[in-house]
Amino acid sequence: MNHQSIVEIRNLEKKYGQKQVLHAINLDIQSGQIIGYIGPNGAGKSTTVKILCGLINDFEGDVTIFGKDLRTQTIDIKKQVGYIPENAVLYESLTPMEFMEFIGEMRGLENELTRTKAEALMNIFEMKPNLHQRIATFSKGMRQKVLICSALLHNPDLIFMDEPLSGLDANSVIMVKEMLIHLAREGKTVFYSSHLMDVVEKISDRIILIDQGKVIADGSFEELNRLSNDENLEKMFTRLTGNTNHSEKAEAFINAFEK
Amino acid sequence: MIRFLLSLFTPFRWFIEKMGADYNQFIRILELQLTMDNRRMKGIGNNSKKETENALIKQSFGQIVFGIFFATFLYIVKSSFTFYYFAHIFLMTMMAMMIISEFTTILFDTSENVIIQPLPIRGNTISLARNAHVFIYLSLMAFNLSVISVIVAIFKFGIVSALIFSVTIFLNVLFTLFLANILYLGIMRLASGEKLKNLLMYFQIVIAILFMLAYQVGINMVDKTHIQDMVLPVYWYTYFVPPAFFSGFVEAFSFNLFDIQHLLFIAETMIIPLVSIYLTGKYLTPVFNRKLMDLEQGDRASKVKVESTSPGLWYRMMIPVFIHRKEEKAPFNLIWIMTGRERLFIQSFLPSLAYILIIIFVQFFTKSFNYDELVQSNRYLVILYAFIFVSASLPVSLLNGNNQHAAWVFKTMPLLSPACYFKGFIKGAFARYFVPFFLPLSVIICFVWGIKVLPDVIIAFLAIYLFTLLFYYYQHPNFPFGLEKSANQSGTAFVKIMGLILTAVILGYLHYLLLHWFNFANLMLIPVYLLAIYYVNRVFIYKKITWEEVDEVNTYS
């Protein structure tokens with residue numbers, strides 16, 4: 001396959017005060033792939049995604065996206081990138097349509113185009129009747145759907161998702177999974193950070209596992225499996241992140257109750 | 001500090017338990033709330049903690065200054081009963097205003113219920129803690145406001161009298177809190193859910209306006225020589241006026257007056273506040289709590305309604321006037337929609353508009369009114385420049401709201417400079433909330449004073465627009481409606497208002513001088529202001545509001 005490298009990360013480091021959250025991350029990401037970015041809580045997943053989307057500006061190392069430098073050509077990169085944040089927080093007093101019209105206009109889309117696209121996307125999620133209701137009345141899953149739609153409005157080539165499935169019901173999860181596979185087939189790249197091992201295992205072309213700010217495994221599930229003989233991603237995850245004594249911990253947990 | 005405050009409740013443990021609260025839980029909840037107040041951060045700036053502490057100091061300072069003004073007024077009062085009577089009235093009014101403008105949000109705050117309600121805590125404990133929380137801030141305020149009056153009382157009536165005065169101040173705070181509870185329960189009976197929230201909002205606005213009106217009219221009507229020798233007569237209904245029995249109590253003990261009249265006052269002072277706070281805890285708060293829970297439940301369902309999609313005529317008229325750059329249109333539109341829906345915005349902005357009307361009203365109707373004389377004068381300048389209050393209140397009102405974590409969307413957009421956001425925001429708010437009020441008044445002015453004052457109207461409009469822009473661009477570039485309004489935040493208003501009045505007077509006076517210098521001298525101001533606006537919008541803002549500045553005060557998560 002003729003994949004070109006669209007994200008190049010060299011020695012990416014990030015500190016919050018004294019605490020170093022990312023240690024020399026090096027990655028190359030090819031187009032048309034779904035990248036599953038996994039790791040335990042606090043491993044630095046969200047931080048990486050935020051840096052790549054241009055939400056966090058101060059970092060060490062070099063990042064090139066679409067051959068452009070993230071530091072100097074942020075604007076050009078942002079034009080081609082879609083971002084779905086982790087916590088589905090939106091302006092509550094707006095309706096999805098108003099929110100998407102704002103995004104569309106800021107991204108330079110024609111109003112008519114924004115509206116038809118918003119309707120079409122929301123229709124897929126069976127949310128067309130909610131287009132003109134305030135977001136304040138929505139459940140978490142509904143908000144997540146609005147976020148997914150608004151991130152796809154401008155037809156981005158690279159999509160960053162931070163836990164995109166949180167709060168979605170089973171049908172929507174299946175739908176988003178299908179959607180991601182379709183997007184990848186069209187040559188779009190999806191960078192996908194998640195805790196949900198089974199989903200990542202099924203749809204990712206490549207899995208990157210990070211722990212304490214370091215990449216500790218990288219490759220397709222088959223490749224990783226060949227090296228380690230774990231029966232599924234979950235097992236591999238727990239082995240690599242050094243938490244093999246789950247049953248002992250669970251027992252300690254129970255003991256804590258009994259005191 | 002928190003420990004100390006909490007320890008003050010220890011002697012009243014029996015009383016709190018009597019009202020049906022679990023004392024340990026009560027203290028824990030209170031501690032939590034105070035700790036959160038203490039740590040409430042403004043953005044992610046490094047010195048954010050310092051900033052909030054400063055706010056509390058600034059606020060206290062403002063209140064003390066206010067207290068000094070009042071104490072000087074009290075100083076000339078000879079009768080001790082009148083002295084304490086006025087002191088208590090002043091205190092009650094200020095506290096009532098504070099409760100209505102600042103603490104309603106705390107009393108009706110249901111956000112911590114998610115955490116607290118699943119725990120085995122009785123509703124009474126929660127409400128009592130909430131009341132105690134407000135009580136702490138009210139006491140601090142009462143202290144600041146009356147500390148100077150107490151000193152004055154020492155000199156005038158002796159130390160014993162002043163000490164007893166301090167005790168009644170404390171009782172007054174309790175009593176006012178009780179009144180607030182009753183008031184809110186009454187309102188809650190009238191409506192529920194979303195309607196109630198709107199009703200509360202308008203209630204707050206109306207009360208704020210009434211207080212301002214009473215204050216303005218009152219200040220103008222007070223005759224100093226009269227007050228000096230004023231002795232308030234005691235009628236039968238005097239016994240029902242709370243400040244009267246507080247001052248009767250002080251008088252009785254400072255001068256050993258124990259006749260029937262004073263004994264009645266003493267009895268009232270001892271019984272009413274304590275009984276009222278007992279009633280609040282025992283009977284009112286449970287009802288309050290139940291209503292509050294309904295409020296939360298009813299919230300979601302009642303909000304589901306379809307919003308209209310077509311922009312109004314006014315919007316379409318304003319767009320070509322204010323928006324000349326494509327990228328400002330979306331922020332303009334966003335703020336146009338949201339300012340109509342964000343409750344906190346309406347709540348804090350509308351009273352300032354009313355304030356302008358009051359200034360105008362007081363200017364023209366408390367003094368002898370003569371139409372011919374009026375038309376000859378330049379007093380339309382006062383009307384026009386009164387609108388400069390908008391310059392301060394509009395930018396500030398755009399800050400507060402419950403959208404702390406929604407600002408990420410602005411950062412993900414491909415924009416070289418965030419300036420166009422802020423230009424669009426302030427223009428949108430200005431077009432929607434200033435122009436429609438200024439325009440009709442201008443028409444009336446042109447009608448009364450003749451079309452020859454039209455240039456003056458234009459000059460004033462430009463001056464106010466310029467200052468609104470400057471105020472907005474000079475405050476921290478927080479994205480709109482993302483700052484939490486906290487109990488100890490409202491501080492600097494006093495200083496700001498003073499500065500504003502000064503600005504308005506200077507601008508108005510400059511305008512006035514030019515009018516009298518030679519004919520059409522005032523026209524010079526038009527190009528000056530236009531150039532200044534052009535400079536501010538095209539050059540200044542791009543230097544002032546950069547992503548670095550914006551990132552400093554906003555969080556994107």
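**Figure 1. How much of chain A is tucked away inside this predicted model.** Of the 259 residues in chain A, 42% come out as buried. Laid along its principal axes, the C-alpha trace covers about 55 × 50 × 40 Å. Take the contacts in chain A with a separation of 6 or more: 67% of them link residues 24 or more positions apart.

**Figure 2. Where chain A touches chain B.** Here 28 residues of chain A are in contact with 30 residues of chain B. On the chain A side, helix H2 (74–79) and helix H3 (96–106) each bring at least two residues. H3(A) gives the most, with six residues. Sort the chain A side by residue type and you get 14 nonpolar, seven polar and seven charged.

**Figure 3. A helix pair in chain B, H21(B) and H22(B).** The axes of helix H21 (residues 435–449) and helix H22 (residues 454–474) come within 10 Å and cross at roughly 155°. With angles over 145 degrees counted as roughly antiparallel, that makes H21(B) roughly antiparallel to H22(B). The crossing is right-handed.

**Figure 4. Zooming in on the residues between H21(B) and H22(B).** From H21(B) come B:Phe438, B:Ser442, B:Ile445 and B:Cys446, and they meet B:Leu454, B:Val457 and B:Phe461 of H22(B). This contact splits into six nonpolar residues, one polar and no charged.

How values were computed
Residues numbered from 1 in each chain as written. Chains lettered and ligands numbered in written order. Predicted model: local features only at pLDDT ≥ 70, side-chain atom pairs only at ≥ 80, totals over all residues. Buried ≥ 20, exposed ≤ 12 C-beta atoms within 10 Å, placed from the backbone. Contact = placed C-beta atoms within 7 Å. Helix = DSSP H or I, 4+ residues; strand = E, 2+ residues; numbered from the N terminus. Nonpolar A, V, L, I, M, F, W, Y, C, P; charged D, E, K, R; others polar. Axes fitted to C-alpha atoms, helices over the stretch in contact; angles between N-to-C directions. Parallel < 35°, antiparallel > 145°, perpendicular 65-115°, else oblique. Left-handed = near helix turned anticlockwise from the far one by under 90°.
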